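Here are my notes for you, point by point. Keep the model open while you read and find each spot as we get there.

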Amino acid sequence: MLVDDLIRAVGADHVLTDAGLREGYERDWTGRFGAEAACVVRPADTAEVAEVLAACRAHGTALVPQGGNTGLVGAGVPRGGEVLLSLARLDGLGPVDPATAQVSAGAGVTLAALQEAAGAAGFDAGIDFAARDSASVGGLVACDAGGARALAHGTARARVAGLDAVLADGTVVERMQGLLKDNAGTPLPSLLVGSEGTLGIITAVRWRLVARRAARVAALIPLASLADAEGTLAVLRRELPSLEAADFFTDDGLSLVLEHLDRRPPVIPRVPAYLVVECAAADDPTDELAGALEAAGIEDAVVADDTTSRRHLWQFREAHTEAIAARGIPHKIDIGVPLARLAEFVEKVPAVVGDAQPILFGHLGDGNVHVNVLGPDPADETVDVAVMELAAELGGTISAEHGVGVAKAAQLGLVRSAGEIAAMRAVKRALDPDGLLNPGAVLE
Ligand code: MLT
Ligand code: ZN
């Protein structure tokens, strides 16, 4: 039996068949996606992952890989009957190599742990987002996560100097040497970044750190209209070499956050939209920020120049996710549009979601909007499709940083040509001919 083979691979303690033990792995964070798994398997290292894959192959059972289970598109939870492969135990973190500014992290290392290790060695992980305490390295590379600092450092892809992975046929790709220049043939590690566990299982990542810019200052900028945001950002980009993040939210979302956190508004009077910007440099960027705000004609920004007040200020933006989830099961549609069309997109969303309640926020500098919709039944995809169609119409993408998962696989054709999708299918068939890896994610 499959379970016996899995027990032989990882030990009886790490094959969870009991419904109560499986439960926490079977549903996503929002409660929108998930189903029963055949069992949950918790290997300890790459060799055990390879053995789990061999057992699944032998029994023709598909598997769904899972990191911190913070995904929002259903890619890391079962569709029904698969083996759930938890990578949480692959949590080894090596020493930071200061000469290359790299560190080796197992797939199960949380982003917070990576950030802490980087900070202790005088570096920065170069990526940050609100799910940092649970999201893990393998998952964030598998979906090419972005977050607020992508504006300065790029998405997870830019942080990958190499990785270890297990392919469907059991081949172990070992590329943890951290060679920045290594163009010997088709770069398999690059192919796996953003493939959402459909082409191979990432088990470790050689992570590229960035220089620590310890002096930080943040500002909350009230905007009369999101249409002003592009012009403001243009000035900030020019005047602020230290600019690391530029996120936005609207007053509707702020109302939910204030109620959820029981806090007072950051500015009075309230305005339709808000930017949160953060600058980071070796030397205190406060004067540089003040000069840039003046150049942009902004007089009413709230500036936070110490760690506590910066965290406090970022909470208005980061707490959107939990404040929305506290109201019900949201439809979360992460899209990207060219910055020049972002205000138009935001303005058009209410019309396309009808009677439902839209709450929009996101990463302005990346043209990345998180459309959250409360109201429709979790299984009803009407608003999701309408929002993705709008993003596509405006020259954008249906997935900016959360991935395609199962939530958006049927809409891939909105932003990828038939030829491109055929090429993706050919790659999938070549690497996973039996369709064992994360079936239904990315490609229907
Ligand atoms: C964020 O920017 O907070 C994350 O992408 C999570 C979310 O969209 O809820
Ligand atoms: Zn985000």
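1. Let's start with the second largest cavity. Two elements, strand 15 (331-336) and helix 14 (382-393), each give at least two residues to its lining. Keep in mind as you look around that this is a predicted model. As for volume, the second largest cavity comes to about 30 Å³.

2. How many cavities of 30 Å³ or more does the structure hold? There are two. The largest cavity has about 40 Å³ of space in it. Around it you'll find Arg32, Phe33, Glu381, Asp384, Val385, Met388, Ala407 and Gln411. That lining splits into four nonpolar residues, one polar and three charged.

3. Now for the metal. Which residues coordinate the zinc ion (ligand 2)? They are His363 and His370, each through NE2, and Glu401 through OE, at 1.9 to 2.2 Å. Along the chain, these donors follow the spacing H-x6-H-x30-E. His370 sits in strand 17 (residues 368-374), while Glu401 is in the loop between helix 14 and helix 15 (418-431), so this pair ties together parts that are 31 residues apart in sequence. Are His370 and Glu401 buried or exposed? Both His370 and Glu401 are buried.

4. On to the rings. The count of aromatic pairs comes to one. The ring centres of Phe249 and Tyr274 are 5.1 Å apart and the planes meet at 20°, so this pair is stacked; the cut-off for stacking is under 30 degrees. Phe249 belongs to strand 12 (residues 243-250) and Tyr274 to strand 13 (residues 273-281), so the pair links parts that are 25 residues apart in sequence.

5. Phe249 has 0% relative accessibility, so Phe249 counts as buried. Tyr274 is also at 0% relative accessibility and therefore counts as buried. The limit to remember here is under 20%.

6. One last thing to look up: a charge over a ring. Arg263 lies over the face of Phe316, 4.1 Å from the ring centre.

Methods. Residues numbered from 1 in each chain as written. Chains lettered and ligands numbered in written order. Predicted model: local features only at pLDDT ≥ 70, side-chain atom pairs only at ≥ 80, totals over all residues. Heavy atoms only, no water. 1 Å grid on protein atoms, 1.4 Å probe; cavity = no way out; pocket = protein on both sides within 12 Å on 5 of 7 lines; lining within 4 Å. Points joined across faces, edges and corners; volume = space filled by probe spheres on them. Nonpolar A, V, L, I, M, F, W, Y, C, P; charged D, E, K, R; others polar. Helix = DSSP H or I, 4+ residues; strand = E, 2+ residues; numbered from the N terminus. Phe/Tyr/Trp six-rings, centres within 6.5 Å; stacked < 30°, edge-to-face > 60°. Buried < 20%, exposed > 50% of the residue type's maximum accessible area, 1.4 Å probe, protein only. Lys NZ or Arg CZ within 6 Å of the ring centre and 35° of its normal. Donors = N, O, S within 2.8 Å, 3.2 Å for Na, K, Ca; no water.
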